[in-house]
Amino acid sequence: LGFFIGRNYHLVELHIKYFPAGKDKMNAFMDGFKHNIWLQELYISTDLGRDGYESLGYMLRNNDALVNLCLHEFDIDLESARGIASMLSNEQYKSLKHLFFVQNDLGIEGLTDIITSLRKQPQLEELKLCGNNVDGDGCLALGYALESWEGASLKKLHLCHNDINDEGLQALATGMTKCNYLEAVTLCANPSVTAAGLRSLSTFLQSKSCCLERLDLDQMNIDCDGVGALVAGLSSNM
């Protein structure tokens, strides 16, 4: 099957949901799969392991067609997170525009490694890190990554269902000022954010670089002070 996928130029979308038990079987599949240079969308719902992510990196280096990469609804341990981080930090994959990590139960160390590796991928137009324990440290790493992007292309940033706090949102807002094409930000279900964090977001909304069209703050504990901070930012973003 891996050999077939690796040589199939008609296949544009692939979902990998399960591998049979045994590392040898998965490696055999990946050895064939990594030669595919036509695939445009890849959705992964099972852990590939460090060797698997190395093979995925090989494919990304040679595939100029892959636009969407989604890793969703499976746990990523520290070893695998480091494999992913290594894959993303080794080289810029210019065709890759949409990168999603959804409900992977990432630990703080692994999450930070992956986020830091994103400095190598300024061509990304959409980044999703939802349900992945993104906290203040994670936001700090993400803020640094966004600040380091030369000619950032990011248009959509999704960070819902995480553990973002005020300090994290402040670091994130600083990084977002470097993203001149950012159109949509999703922060819903981050209940630790208070009016103090929203004030830093308000500062971003007032910045000259802000071209935001959509801001999702559903399931947030926004009180009257928070509403006031947002109104001040939004009234200036007109």
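Biologist: Which residues in α4 meet which residues in α5?

Modeller: In α4 they are Leu 78, Ala 81, Arg 82, Ile 84, Ala 85, Leu 88 and Ser 89; in α5 they are Glu 109, Gly 110, Asp 113, Ile 114 and Ser 117. Contact means heavy atoms within 4.5 Å. This is a predicted model, where local features need pLDDT of at least 70 and side-chain atom pairs count only at pLDDT 80 or more, while totals for chains, interfaces and linings use all residues. Residues are numbered from 1 along each chain as its sequence is written, and side-chain values use heavy atoms, with hydrogens and water left out.

Biologist: What makes α4 roughly parallel to α5?

Modeller: The two pack at an angle of about 5°, with their axes 8 Å apart. That angle makes α4 roughly parallel to α5, because angles under 35 degrees count as roughly parallel, over 145 as roughly antiparallel, 65 to 115 as roughly perpendicular and the rest as oblique. Axes are lines fitted to C-alpha atoms, for helices over the stretch in contact, and angles run from 0 to 180 degrees between N-to-C directions.

Biologist: What makes α4 a helix, and how does its reach compare with the expected value?

Modeller: Helices (H or I, at least four residues) and strands (E, at least two) are DSSP runs, numbered from the N terminus. Helix α4 covers residues 78-90, which is 13 residues. The expected span is 1.5 Å times one less than the number of residues. From first C-alpha to last, α4 reaches 18 Å, close to the 18 Å expected.

Biologist: Which residues of α4 are buried, and what do they pack against?

Modeller: Buried means under 20% relative accessible area, exposed over 50%, partly exposed in between (1.4 Å probe, protein chains only). In α4, Ser 80, Ala 81, Gly 83, Ile 84, Ala 85, Met 87 and Leu 88 are buried. These buried residues pack against α3 (49-62), β3 (68-72), β4 (98-102) and α5.

Biologist: What is found at the start of α4?

Modeller: A side-chain oxygen of Asp 77 comes to within 3.4 Å of the backbone nitrogen of Glu 79. A polar contact is a pair of N or O atoms within 3.5 Å; within protein, one must be able to donate a hydrogen and the other to accept it, and residues adjacent in sequence count only if both atoms are side-chain atoms. At the N-terminal end of α6, Asp 135 is the cap, with a side-chain oxygen 3.2 Å from the backbone nitrogen of Asp 137.

Biologist: How do you know how α6 lies against α7?

Modeller: Their axes come within 7 Å and cross at roughly 10°. That angle makes α6 roughly parallel to α7. The contact includes Gly 136, Cys 139 and Leu 140 of α6 and Gly 168, Ala 171 and Leu 172 of α7. The buried residues of α6 pack against α5 (108-117), β5 (126-130), β6 (156-158) and α7 (166-176).

Biologist: Why is Asn 162 called buried, and which backbone atoms lie by its side chain?

Modeller: Asn 162 has a relative accessible area of 5%, so it counts as buried. Its place is in the loop between β6 and α7. Polar atoms of its side chain lie 2.7 Å from the backbone oxygen of Leu 129 and 2.9 Å from the backbone nitrogen of Asn 132.

Biologist: In the loop between β6 and α7 there is also His 161; is His 161 buried, partly exposed or exposed?

Modeller: At a relative accessible area of 46%, His 161 is partly exposed. Phi of His 161 is near 55°, a positive value in a residue other than glycine. Most residues other than glycine have a negative phi. Glu 73, in the loop between β3 and α4, has a phi near 60°, also positive. At 55% relative accessibility, Glu 73 counts as exposed.

Biologist: How do you know how many disulfides the structure holds?

Modeller: A disulfide is a pair of cysteine sulfur atoms within 2.5 Å. The sulfur of Cys 160 is 3.1 Å from the closest cysteine sulfur, in Cys 130, which is too far for a bond. The sulfur of Cys 179 is 9.5 Å from its closest, in Cys 211, also too far. The structure holds zero disulfides. Cys 160 counts as buried at 13% relative accessibility, and Cys 179 counts as buried at 2%.
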